[in-house]
Amino acid sequence: MLIGVSDYTHLPSVPSIKNNLSALTEVALTGLGIPHGNVHTVENPTSAAQVHEKIDLAMDAADPLSGGLFIYYAGHGWTDPRNGRLLLGLVDSNQHKAWTAMEFDRIREQVADSPVGSRLLVLDSCYSGAALDTLSAGLSSASRIEGTYVMTSSDATNASRAPRGDHFTSFSGEIIRSLTDGIQGGQPVINADALFRHVRASCQERGWPVPSRQIGRDGDHMELMVNRWGQS
């Protein structure tokens, strides 16, 4: 499930997000091995309902026992000044009107209701680490997303990086390169935590915002794809 918002009415456009979606679609099909009919993309959604309906389709298509769920969002993000919760931008979103954005909490609740055991959520937006605050200690166990790996492009207090002119946004670009080219010196199969640690190290080395993560149950052992490093 790939969600990307590159064009906005009230916020700056982020053209590289279109490239993120295209590249990740190819990774999903050829690397992660997701059947074409099970790859659902929502580009420039104008309502949260569009996104939630596609998430439902993705969840229905996944086998509860052997399948997995991958949800990716790239776009503007900010926190609600009233409660610090993460808001994700839609085409017509206005940062001064929280009700025009998509609430990550609603996505969290939807995914938490899924019987699918393996769930990977990737959020590439400013302040995306605020999503982890809503999953951390203090919530009841029923409110958390179990069996899940959540990785975010920044923490709850920092912006993410998407320089104009770059082909990809910085965080997503590192994910795409890691899965497409492989991880040098890595294990034969890339799992969720190996991917995150490699991407985080690369971002730190470049002085970029440091990604954050949260692991539910055994989400860190979730196998993603064969490590392509060194393959011709």
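How many nonpolar, polar and charged residues does the lining of the largest pocket have? By class, this lining has 15 nonpolar, five polar and two charged residues. Ala, Val, Leu, Ile, Met, Phe, Trp, Tyr, Cys and Pro count as nonpolar, Asp, Glu, Lys and Arg as charged, and the others, Gly among them, as polar.

## Basis of the model

The model is predicted: local features need pLDDT of at least 70, side-chain atom pairs count only at pLDDT 80 or more, and totals for chains, interfaces and linings use all residues. Residues are numbered from 1 along each chain as its sequence is written, and side-chain values use heavy atoms, with hydrogens and water left out.

## Overall fold

The protein has six helices and eleven strands. Helices (H or I, at least four residues) and strands (E, at least two) are DSSP runs numbered from the N terminus. Along its principal axes, the C-alpha trace spans about 50 × 40 × 35 Å.

Of the 232 residues, 49% are buried, meaning under 20% relative accessible area with a 1.4 Å probe and protein chains only. Among contacts (heavy atoms within 4.5 Å) between residues at least 6 apart in sequence, 72% join residues at least 24 apart. The accessible surface comes to about 10800 Å², and carbon and sulfur atoms hold 48% of it; areas come from the Shrake-Rupley method with a 1.4 Å probe.

## Pockets

Pockets and cavities are found on a 1 Å grid over the protein atoms alone: a pocket is an open set of points with protein on both sides within 12 Å along at least five of seven lines, a cavity is a set where a 1.4 Å probe fits but cannot get out, and lining residues have an atom within 4 Å of a point. Grid points are joined across faces, edges and corners, and a volume is the space filled by probe spheres set on the points.

The largest pocket has a volume of about 450 Å³. Its lining has 22 residues, with Ile34, Gly67, Gly68, Leu69 and Phe70 nearest the centre. At least two residues each come from α2 (48–61), β3, β7 and β11 (223–226), and β3 gives the most, with three. The second largest pocket has a volume of about 300 Å³. Of its 20 lining residues, Ser13, Val14, His76, Ala162 and Thr169 are the closest to its centre. The largest share of this lining, three residues, comes from α1, and by class the lining has seven nonpolar, nine polar and four charged residues.

## Cavities

Two cavities of 30 Å³ or more are counted.

Notes. Buried < 20%, exposed > 50% of the residue type's maximum accessible area, 1.4 Å probe, protein only.
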